[in-house]
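Morning, everyone. Please have a look at the model on the screen. I'll talk about its pockets and its domains.

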Amino acid sequence: MAPFGTIYTWGPGNPRVARATAIANLNGLEISVPEFSLQTDRTPEWYAKFPLGKVPAFESASGDVLLTETLAITHYLALSGPRSHQLLGRTPAESAQIQQWTAHAEVEFWPPIQIFNQILRGFRPADDAVIAENKGKIARALEYAEKILEGRKWIAGTEEITVADVSLASVLNVAFKAILGKEERKYPKVLEWFERVTDVEEVKRAFGERVYKE
Ligand SMILES: N[C@@H](CCC(=O)N[C@@H](CS)C(=O)NCC(=O)O)C(=O)O
């Protein structure tokens with residue numbers, strides 16, 4: 001099968017790419033993720049295609065679709081295969097719920113998680129007040145998800161896995177692996193749902209082995 005497109009990224013561990021790749025897998029689309037260095041591979045030719053210079057950046061096989069922004073890349077991959085209606089919603093109400101949870105993952109969960117990521121990678125000082133503030137933000141968002149998951153199999157209330165589940169699981173994967181210890185993962189419904197999502201074969205292939213912080 002010829003690749004549907006290429007995603008340029010700094011490395012296989014990029015959670016934004018894991019999300020997009022999982023959606024491609026669910027739609028049976030092959031994506032090529034070549035080795036790419038932010039230091040040496042952002043050539044003038046590459047910048048001509050992606051003037052912002054940020055990754056992930058997507059290029060379709062034909063070269064006529066060029067995209068940045070994880071939300072847009074994921075949306076395009078979700079729309080481009082046989083499971084588009086499942087992944088993005090079969091009714092306006094379903095689509096809106098999926099959009100709500102995809103946005104919640106991106107806007108409410110990811111910024112505080114990213115701050116920890118930056119602290120762990122040495123890009124930001126480990127300031128106690130910043131840590132407490134951002135753990136509080138993650139806890140608030142988790143409490144909300146815990147309530148919503150009461151009686152729901154998938155986060156947007158659908159019958160099957162959607163872009164919302166994959167998006168939220170991709171950011172929580174970082175939080176559970178590197179930020180929140182056992183005591184802080186006191187959300188049984190969220191954990192049960194997270195394992196359900198990351199057990200889906202196409203998601204597992206993109207996310208890799210599930211690892212929890214001690
Ligand atoms: N809003 C963008 C953010 C992308 C982003 O911040 N990418 C970082 C790496 S994770 C990057 O390319 N940094 C290099 C740079 O800023 O030049 C998305 O969601 O895809």
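**Pockets and domains**

Let's start with the lining of the largest pocket: 14 nonpolar, ten polar and seven charged residues. Here Ala, Val, Leu, Ile, Met, Phe, Trp, Tyr, Cys and Pro count as nonpolar, Asp, Glu, Lys and Arg as charged, and the others, Gly among them, as polar.

A word on the source. This is a predicted model, where local features need pLDDT of at least 70, side-chain atom pairs count only at pLDDT 80 or more, and totals for chains, interfaces and linings use all residues. Residues are numbered from 1 along each chain as its sequence is written, and side-chain values use heavy atoms, leaving out hydrogens and water.

What is a pocket? On a 1 Å grid over the protein atoms alone, a pocket is an open set of points where a 1.4 Å probe fits, with protein on both sides within 12 Å along at least five of seven lines; lining residues have an atom within 4 Å of a point.

How much space lies in the largest pocket? About 810 Å³. That volume is the space filled by probe spheres set on the points, which are joined across faces, edges and corners. It has 31 lining residues, and the closest to its centre are Trp10, Asn14, Pro15, Arg16 and Trp110.

Now the domains. The assignment, automatic or from a database, gives domain 1 (5-82) and domain 2 (89-206). Their centres, taken over C-alpha atoms, are 22 Å apart. The contact (heavy atoms within 4.5 Å) takes 13 residues from domain 1 and 17 residues from domain 2. Together the domains bury about 1,300 Å², 66% of it on carbon and sulfur atoms. Buried area is the accessible area (1.4 Å probe) that two parts lose on being put together, summed over both. On the domain 1 side, Arg19, Asn25 and Leu26 supply 42% of the area buried against domain 2, more than any other three residues.

Next, the second largest pocket, with about 190 Å³ of space. Why does it lie between the two domains? Because domain 1 and domain 2 both give residues to its lining. Arg19 is one of those lining residues. Helix H5 gives the largest share, five residues. Helices here are DSSP runs (H or I, at least four residues), strands too (E, at least two), numbered from the N terminus. By class, this lining has five nonpolar, six polar and one charged residues.

That's the tour. Questions, please.
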